[in-house]
Structures are given as structure tokens and as C-alpha cells.
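Subject: Structure for you to look at

Dear colleague,

I am handing over the structure below, and I would be glad if you opened it before reading on.

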Number of protein chains: 2
Amino acid sequence: MIMKLTPDNSPEEEADEPIGLPHGNGGRLMRELIEEIFTRELRNPELDTMLDAATLSYPHGTVVMSTDCFTVQPVEFPGGDIGSLAVHGTVNDLAVAGAEPRHLSLGVIIEEGFGRRRLARIVDSLAAAARAIPVRVVTGDTKVVPRGEGGGIYLITTGIGQRASDRALDPRRILPGDTIVVSGPVGDHAVAVMLARGQFGLQGELLSDAASVLPLTRAALAFPGLRFMRDPTRGGLATVMHDIVRACGHGVRLRTDDIPVRPAVRTVCDLLGYDPLYLACEGRVVAIVESTQAEALCAAWHALPEGAGAAIIGTINADEDGVTLETALGGERIIEELEDDPLPRIC
Amino acid sequence: MIMKLTPDNSPEEEADEPIGLPHGNGGRLMRELIEEIFTRELRNPELDTMLDAATLSYPHGTVVMSTDCFTVQPVEFPGGDIGSLAVHGTVNDLAVAGAEPRHLSLGVIIEEGFGRRRLARIVDSLAAAARAIPVRVVTGDTKVVPRGEGGGIYLITTGIGQRASDRALDPRRILPGDTIVVSGPVGDHAVAVMLARGQFGLQGELLSDAASVLPLTRAALAFPGLRFMRDPTRGGLATVMHDIVRACGHGVRLRTDDIPVRPAVRTVCDLLGYDPLYLACEGRVVAIVESTQAEALCAAWHALPEGAGAAIIGTINADEDGVTLETALGGERIIEELEDDPLPRIC
């Protein structure tokens, strides 16, 4: 699949109507911008732009809350854009906590000069992603910062959802012998965004995996042996594994050959010296599950389009510290915590 | 009162340890930054930095949600800083909706090179403001963007709270003859920030009014004739009045002589050509109340330190459109919606 992208500095973008500082001043131009671009697309019974706060009805007791800032550059990339990502990223944080997302707030920080049509495309994409979940954007805030003091556009979403109170997942519940399952290939999002930047002279057709993981987490919650889930975003699979080691006090052992990595991701990593285990996904889940249920969980994920590439990749090991990778030739190497090598604005 | 401010480019700040891009990469440096600066100060039973989402218990049904992005420049100003402002701003949006704030999420977008000590001061101030309310910061996200793609630091808070379901306030409930009460002088925040920037060669000792308005809103909720409250932030009192006119379909009539404005604010406005009615407050409430209860509401506010400057400033008028100001000499002028004249990064 070949994506048509509009680079941020293309002639089309330069002809776009620029957002100005008065669009953030609280007055008429701001109100019209909100009404024309945000309210129209995001319309729902609980969104009332006359009010600064939304009133929501939560019949049950347990509320789950999560927030994420989205700074991805370029704002439109193969397989997604910052608008849909801002929905999926926060929905996914709620989903891996075992919750059903219900409401989102939306913060928008626009740099003066950002194109109005581009903003409208992003909001359209955000609204479509929210409708597809479904989750409702019920309150928001827009600021415009002077040229040179922003990064085009930053979005911040906060989600609240509900969880049946008996499904509290916690990495401290993980036990030695538990099995690690990943829902699909790792690193697609980071490499797709890197390629979209064109900064290494590389080109490719890889799509980001950015998507809602709700179908995956709903399927996983059917397994009573499910201990914990996490979406491996910034810092990748390796960072989730280190978080788990710190939380449960046991070691993690992964098998290189079993970790799904697309050939395009592996090629880019080989060329640039990246390790795919540290690269961000935006539509994958890592689950830790009681070992006797791992095959069944993997099969349940395979039955979903989102989980076609699911694989059992390792185990929890009481007898060692840290994260160990068993390599193809029978060797071992320690996976350290991510240090430098940042990919800024990857999500 | 004279405030000691540290300008953003002072030698002290230039010697501060800079935040780098790896502090936002998800790995070790980011984890340590979160633990040392955020978790330590914000510690509470519901904040678990092992998890991406917080689980909260809401025994009753009605949840109120609000969000705000904070971009104020300079980040430390007389009477406050971006940290306490990020708590008060969102708490105030919940408060004027008639709610009791309970939980906050915190998004942080740091520009590479921002000082680590300055960040710690801001987080300390934020944590102290949250403890004083009290409201708990239960989840967060930190991003670091490359130098030149941010504005020092931007904070985004989302608040959820609870409201007794019979206290739904709505500007559409406002009736002709209702009275408009403001809790104190207007424009202090905007002028204090302007003076702190030093951009007009002006100096002064004015403090921002930035504060929690919860004591004011709790007092107002005791009045059954209370129709609606709003905090006049960006766009000022004039913008709140225009919002009310649009929502209730009646006109607003204000009396110049009755609107409290500090002499320092009036002087700056006269010098620079600003109208204090358009300037941001960050610790004031405007209430619309059934006319027979206006004097009692004003007296209740006078009894609070936050409401010492409260005043009855106008009425809702069925027989005209828009916002009309009765001037000192018996004349009238129409207050238009704010157009240009932005004060970027005022809040």
C-alpha cells in the first residue's frame, strides 16, 4: 500500500490558511474555530461548548483514568495521524488496564501558522477514530502559542472508563512460570514514522500499527489467568519488560526467534543500528498470562484481525534478574534499560 | 509585596542542569526523572507510576470532567507559577460547574534544555497547590520535544470531580432580571504576567489573583437562586458575558462604576490601550443569581478572604441584545466580542 503524504512544508501546506494568535485568545475567532472545526465533528450529547466542564453519568463505582501527550512528527504518517493516534493512545492505556473507555478530554496546543485545513483533517481523523471505538470527546481546551514556541500541533487526551472491579490487573500479581504473549510484530510505528520523516534517505511502504487494542484486551480479559497487560509504546517491548521486572521482582526471558518483527523493520534496524525491541508500537499488547492459558490466549488473538501476528515470546523466571534474550544460536544477551538513542516526537 | 523572580534567561537558570531528549524516551533517564521530580512530590495512594492508568473509586453517579492547557510565560510570575496555575485552573473549571474536584491527570511537554531545578520548583508548587485543595494527581505523561519545538514547558491537567446531581448549573437557566456578581477585581492575572515579562518597560508589584475559587463556589452553591458560575480567564469578564448572552438569549447590562478594577490594572490599561474587561483573571468567579439573593451572595463572599472585593455589577435584560456597559457619566457603550489584541501565553 502506498500512502500519499503531504509533507509539512509542501506547497499545498504553504497555501493553507494559517492559524493566528487571535484563534487562541478566547474571543470571536477562537469561538468560530472551535465551532467550525471541533464541535461540528465531535458532536455528541455530552459535549457542550457553552460549558467548561462536562457532566457524565457513571452508574458503577470504578473509574479508570489515563492521559497522554501526543507530539508525533510528521503529524500525518503512513497508517495514521496525530488525531487518530491521540484517540488510540489513550484508549489503549485504558484498555490494557482492563477498562472500557467511555469519555475523552482533548487539549490542543497549536503553533501560530499551522494550517487550518490540516487542523481540520486532524480533527476529522480524531473524530472518526473516537466514533469507531466508540468513545466520546466531552470537553476540551485550545491554546495557540507564538511561532517558534511550539511544534506545529500537540494534542493531549485524557480518558476515563469503567472496569468491572474484579478485573484489577497488576504486574505485582505476576508469578514465576507465567508466559509472555505479544499480539503482533513490534516496531512498526517507530519505523513507519522514521521513514515518513525521510531523514535517513530511506523510503518504504511500511504502515504504522497505530490502532485501538480494545478487541485484543477484551479477548484477553476472558482468561482468568491473565495477570497484566501493557501496550509497548515509547521505549518498546524492552521497556515494558523492564517495568515488569521492577514490579514483580522476577526476571524475564525472551526468545529472539519467537519475537515477531517485520522484514522491513529488521532491515531499517540493521541499517541504522536500532534494536527493534526498543522501538514504539501503537497497536500492540503484551500480556502476561498463567502458562497453561497462553496457547489459548494466543489462539484467541489469532482469530482477530488485530492479533493475526500474535506470538508466545517468553517466560517469567524466578531464578534471575533483569531481561535476558535467548539468541538464535543458543547464546544469551542481557537487554539493558533504554539509555540514549531517543527518537523524539515518535508518538 | 516584592517578588523575587528568576527570569527564564538569567545566569542562575543558565547554570541549571538541562533536561535532554533522553529524559523523554521511555527508558532509564525518563524513569529516574519521573521518580525523582514527580512521584516523590505527588505521592498519594492512587498514583502508581508502574501503571499507565489510575483506578479510582466513585461511589456516586455524577462525574464532572474538565481539561486545560497551560502555556503561561514566564513560567514563574508574581503570585504564582505554571505549576500552581495548572492545578487552580482546572480545579476552578470543576468548581464553577458546581463540583468538588477529586482527581487530576498531568501532561507535561518539556522543551529540550529546560532547567531541571526549575522543573522541580514547578512540580513542588503544583504538588503543594494540589495538597491544599485537596485534589490528587493520579496519572501523568511526560514528553520532551527538541529545542525550538516547544515553549519551555507546557502543562496540561484534566480534572474529574463529583457533583450532587440536583446542582446542575446551566447558562440556559438564566432569566431576565437576574443579577451578576463578581467575586473580586478583574484583570490582575493578565497585568501581573504582562509586568513580569517586562516587555513594555513597565514595572509593578501587582500579584496575580491565581488561586482556587472553591471556597467561593461552595458558598455560592448554598443559594438556591444560583443559576450559573464561570471563572473569567482568557478573554476576561467581557467574554464570559458574551457566552452568557449567547446561551440564555437575553442581554447583559453592566455598570462601569461597579466593576472592581485595581488602580494598578487601570493604569496599565490606560497606558497600553487595554480594556480590563477583556483581561484574564485566574481566581475570580462571576455568578448569575436570582436578584433577591444577590446581596446575600455578595455578603457571603465578602466574608471569605477570596471574596473580599466582591461586587454586584449588572443585570440580565430581556429587552436588548449583547453586552451593554453603562458608563460613569450616564452614557452607554456596547462591549463587542474580543477580536484581535491577543496576549499569547497569558495562561
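**Where chain A meets chain B**

Between chain A and chain B there are 12 salt bridges. One of them joins Arg31(A) to Glu337(B), whose closest N and O atoms lie 2.6 Å apart. Please bear in mind throughout that this is a predicted model. Polar contacts across the interface of the two chains come to 37 residue pairs, with both residues at pLDDT 80 or more.

On the side of chain A that touches chain B, the elements giving two or more residues include α2 (28-42), β5 (100-111) and α7 (236-248) of chain A, while the largest share, 8 residues, comes from β2(A). Sorted by class, that side of chain A has 32 nonpolar, 24 polar and 20 charged residues.

The strand β2(A) also pairs with strand β1 (residues 54-57) of chain B, in the antiparallel sense and over 4 bridges.

As for the interface as a whole, 76 residues of chain A are in contact with 76 residues of chain B, and the two chains bury about 6200 Å² between them, of which 56% is on carbon and sulfur atoms. In chain A, the residues that lose the most area to chain B are Met50(A), Met65(A) and Arg234(A), which together account for 13% of what that side buries.

With best wishes

Methods. Residues numbered from 1 in each chain as written. Chains lettered and ligands numbered in written order. Predicted model: local features only at pLDDT ≥ 70, side-chain atom pairs only at ≥ 80, totals over all residues. Heavy atoms only, no water. Contact = heavy atoms within 4.5 Å. Buried area = accessible area lost by both parts, 1.4 Å probe. Salt bridge = Lys/Arg side-chain N within 4 Å of Asp/Glu carboxyl O. Polar contact = N/O pair within 3.5 Å; in protein donor to acceptor, adjacent residues only side chain to side chain. Nonpolar A, V, L, I, M, F, W, Y, C, P; charged D, E, K, R; others polar. Pairing = 2+ DSSP bridges.
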